[in-house]
Amino acid sequence: MKLKQRVVLLAILLVIFIFTKVFLIDNLDTSAANREDQRAFHRMMAGLRVELDPRLDHTLQSPWEIAAQWVVPREVYPEETPELGAVMHAMSTKKIIKADVGYKGTQLKALLILEGGQKVVFKPRRYARDYVVEGEPYAGYDRHNAEVAAFHLDRILGFRRAPLVVGRFVNLRTEIKPVATEQLLGTFMTVGNNTCFYGKCYYCRETEPACADGDIMEGSVTLWLPDVWPLQKHRHPWGRTYREGKLARWEYDESYCDAVKKTSPYDSGPRLLDIIDTAIFDYLIGNADRHHYESFQDDEGASMLILLDNAKSFGNPALDERSILAPLYQCCIIRVSTWNRLNNLKNGVLKSALKTAMSHDPISPVLSDPHLDALDQRLLSILATVKQCTDQFGPDVVLVEDRMTLSHL
């Protein structure tokens with residue numbers, strides 16, 4: 001065979017090899033990832049219902065020690081959590097040994113210390129389940145049941161970035177007042193036959209207390225993240241101005257995402273994809289109030305965006321605030337794993353899954369039916385938005401493979 005023919009043959013073989021690598025091997029890798037996403041979805045569905053059970057037969061650790069060990073830079077709790085029911089049972093029943101005003105913020109809350117030294121944040125009930133919050137999408141008081149529902153949605157979406165939340169009934173007269181600090185105790189009052197308190201916060205007013213039904217108050221309890229994981233607060237790049245007539249840049253600049261991609265920590269690492277995951281999460285729950293977000297300190301953009309403070313959610317089931325999705329439709333990228341999970345949840349699966357996941361909670365039913373119906377409708381809007389992106393830019397640009405190994409050593 002002549003030298004020229006050999007060169008041509010080698011060139012043809014090289015092209016075939018490259019084709020095989022790019023189009024066959026990579027496709028096999030993608031198929032394997034998709035199959036793993038499918039298996040993860042089925043595992044999630046099988047473990048949806050969490051019975052609140054105090055037993056921890058296989059360990060001598062306390063529920064608080066177990067939950068603290070779950071936390072790693074990319075998730076608050078692991079996929080497999082056989083102890084979750086015991087931890088949540090402890091959150092909803094352990095004796096309260098101290099009660100204080102909540103950490104700084106705009107909304108009423110109380111900081112409780114439970115037996116064993118565990119901090120939790122208590123948010124009181126302000127509305128009936130069927131109450132519709134009118135006005136701006138971030139209007140109204142915090143909704144305690146929204147915190148519970150958001151936690152379980154986080155489980156269903158497979159993000160695992162929201163601290164544990166469970167509903168709880170507390171007796172303000174016998175459980176809170178005897179162990180309350182003077183600062184908290186000074187905000188208690190009686191309205192009619194009901195015990196009430198108004199706490200200390202930016203919007204806390206003596207004229208707007210939260211009131212129990214007699215002495216019994218319904219609320220949510222959020223598990224405090226371990227002190228060994230200090231938080232860093234960041235301004236959300238798609239945050240609102242909260243000023244009438246003044247728009248944020250993202251609200252009028254369609255190329256805004258291009259500018260975000262050039263700034264740290266969004267120019268590399270997982271943070272921008274976390275922002276888009278969070279936009280999807282917030283759109284589903286109707287939360288237009290994420291003006292800031294938290295991550296772990298000194299992470300250089302590598303740790304997760306933690307889904308804290310989800311109580312400005314589930315206010316109006318008839319309001320679909322599309323602007324919450326701006327990071328998605330302006331950047332037109334989404335994790336493949338998120339896209340796969342969303343597709344698995346369509347056709348009524350999301351509503352059914354969330355209803356099942358919340359059925360064990362002490363304050364069940366957590367959401368009214370209109371809010372559950374709204375979730376399925378909003379999911380369709382998200383899927384349609386991604387399709388618009390893929391039609392415009394192609395799936396290879398829009399669907400981003402980003403699977404980070406999580407360690408629980």
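A residue is called buried when its relative accessible area is under 20%, exposed when that area is over 50%, and partly exposed in between, with a 1.4 Å probe and protein chains only. By this rule Cys201 is buried, because its relative accessible area is 19%. The structure described here is a predicted model, in which local features need pLDDT of at least 70 and side-chain atom pairs count only at pLDDT 80 or more, while totals for chains, interfaces and linings use all residues. Residues are numbered from 1 along each chain as its sequence is written, and side-chain values use heavy atoms, with hydrogens and water left out.

## Overall form

The secondary structure of the protein comes to 13 helices and 12 strands; here helices (H or I, at least four residues) and strands (E, at least two) are DSSP runs, numbered from the N terminus. Along its principal axes the C-alpha trace spans about 100 × 60 × 40 Å. The radius of gyration, taken over C-alpha atoms, is compared with a globule rule of 2.2 Å times the number of residues to the power 0.38. For 409 residues a compact globule would have a value near 22 Å, and the protein has 24 Å, which agrees. Of these 409 residues, 51% count as buried.

Contact, in this report, means heavy atoms within 4.5 Å. Among the contacts with a separation of 6 or more, 73% are made by residues 24 or more positions apart.

The protein is divided into domain 1 (63–223) and domain 2 (231–400), with bounds that come from an automatic or database domain assignment. The C-alpha centres of domain 1 and domain 2 lie 23 Å apart, and the contact takes 49 residues from domain 1 and 49 residues from domain 2.

A nonpolar core is a set of buried Ala, Val, Leu, Ile, Met, Phe, Trp, Tyr and Cys residues joined through side-chain atoms within 4.5 Å. The largest such core has 107 residues, of which Ile156, Leu164, Ile176, Trp238, Ile280 and Leu284 touch the most other members. Helix 8 gives the largest share of this core, with nine residues, and at least three residues are drawn from each of domain 1 (63–223) and domain 2 (231–400). Leaving aside residues up to four places away in sequence, Ile176 touches Ile96, Ala99, Leu112, Val170, Asn171, Leu184 and Phe188.

Helix 8 is itself mostly covered, since 15 of its 15 residues are buried. The expected span of a helix is 1.5 Å times one less than its number of residues; the 15 residues of helix 8 (residues 271–285) should therefore span 21 Å, and the end C-alpha atoms are 21 Å apart, which agrees. Helix 8 is followed by Gly286, whose phi is positive, near 75 degrees.

## Disulfides

A disulfide is taken as a pair of cysteine sulfur atoms within 2.5 Å, and a search of the whole structure finds four. When the bonded cysteines are numbered in sequence order, the pairing is 1-4, 2-3, 5-6, 7-8.

| Pair | S to S distance | S-S torsion and hand |
|---|---|---|
| Cys196 and Cys211 | 2.0 Å | about 105 degrees, right-handed |
| Cys257 and Cys331 | 1.9 Å | about 105 degrees, right-handed |
| Cys332 and Cys389 | 2.0 Å | about -75 degrees, left-handed |

Cys196 counts as buried, at 0% relative accessibility, whereas Cys211 is partly exposed, with a relative accessible area of 33%.

The disulfide of Cys257 and Cys331 joins helix 7 (residues 256–260), where Cys257 lies, to helix 9 (residues 326–331), where Cys331 lies, so that parts 74 residues apart in sequence are tied together. Cys257 and Cys331 are buried.

Cys332 and Cys389, which are joined by a disulfide, link distant parts of the chain that are 57 residues apart, with Cys332 in the loop between helix 9 and strand 11 (334–335) and Cys389 in helix 12 (residues 369–393). Both Cys332 and Cys389 are buried.

## The surroundings of Cys201

Cys201 has its place in the loop between strand 6 and strand 7. Not counting residues up to four places away in sequence, Cys201 touches Gly105, Thr106, Gln107 and Leu108. Of these, Gln107 is 94 residues from Cys201 in sequence, although the two are 5.9 Å apart in space, C-alpha to C-alpha.
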